[in-house]
Amino acid sequence: MNNSWQRTFRLPHGHRVTFSYGPRGLKCVAEPWPPARLSERRQRRLYEAYCAARMQFMTEVATLRGNDVIVVDGEGVHVFRPKRRQ
């Protein structure tokens, strides 16, 4: 995969996140940063939406690459598998 792939997702409470992947690796930009002060419940909802967006984006990257993509973060190792291309 020689080209960059970028996608922006809208998240709850006026937030958004832009993921990009290319020759320089993975980049994630969240806006606004730092996040607005939210209740614990709203923080959890925002984080769940972020995780869903990341899963969707990384699955797209895996599909474009044609192989699994592994992401290691503070919560562990995540494997994103490619979907079948139509």
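Entry 1, strand pairing. I looked up Thr18 and found that its bridge partner in β3 is Val29. β2 and β3 run antiparallel and are joined by 7 bridges. I count two strands as paired if DSSP finds at least two bridges between them. Strands (E, at least two residues) and helices (H or I, at least four) are DSSP runs, numbered from the N terminus.

I am working from a predicted model, in which local features need pLDDT of at least 70, side-chain atom pairs count only at pLDDT 80 or more, and totals for chains, interfaces and linings use all residues. Residues are numbered from 1 along each chain as its sequence is written, and side-chain values use heavy atoms, with hydrogens and water left out.

Entry 3, the sheet. I traced an open sheet of 3 strands in the order β1-β2-β3, with antiparallel pairing. β1 and β3 are the edge strands with a single partner each, so one side of each has no neighbour in the sheet. From one strand to the next the twist averages 15°. I then checked β1 against β2: 6 bridges join them, and Arg10 has Arg16 as its bridge partner in β2.

The hairpin of β1 and β2 has 5 residues between the strands, and His13 in its turn has a positive phi of about 65°. The hairpin from β2 to β3 passes through 2 residues.

I placed His15 in the loop between β1 (5-10) and β2 (16-22). Is His15 buried or exposed? His15 is buried, with a relative accessible area of 6%. Its side chain reaches the backbone oxygen of His13 at 3.0 Å. Beyond four places in sequence, I listed its contacts (heavy atoms within 4.5 Å) as Arg10, Glu31, Pro32, Pro35, Ala36, Leu38 and Leu46.

α1 (residues 40-65) has 26 residues and spans 37 Å from first C-alpha to last, close to the 38 Å expected; the expected span is 1.5 Å times one less than the number of residues. I found several buried residues in α1, among them Leu46, Phe57 and Val61. Their cover includes β1, β2, β3 (25-31), β4 (69-73) and β5 (76-80). Just after α1, Gly66 takes a positive phi of about 85°.

Methods
Buried means under 20% relative accessible area, exposed over 50%, partly exposed in between (1.4 Å probe, protein chains only). A polar contact is a pair of N or O atoms within 3.5 Å; within protein, one must be able to donate a hydrogen and the other to accept it, and residues adjacent in sequence count only if both atoms are side-chain atoms. Axes are lines fitted to C-alpha atoms, for helices over the stretch in contact, and angles run from 0 to 180 degrees between N-to-C directions.
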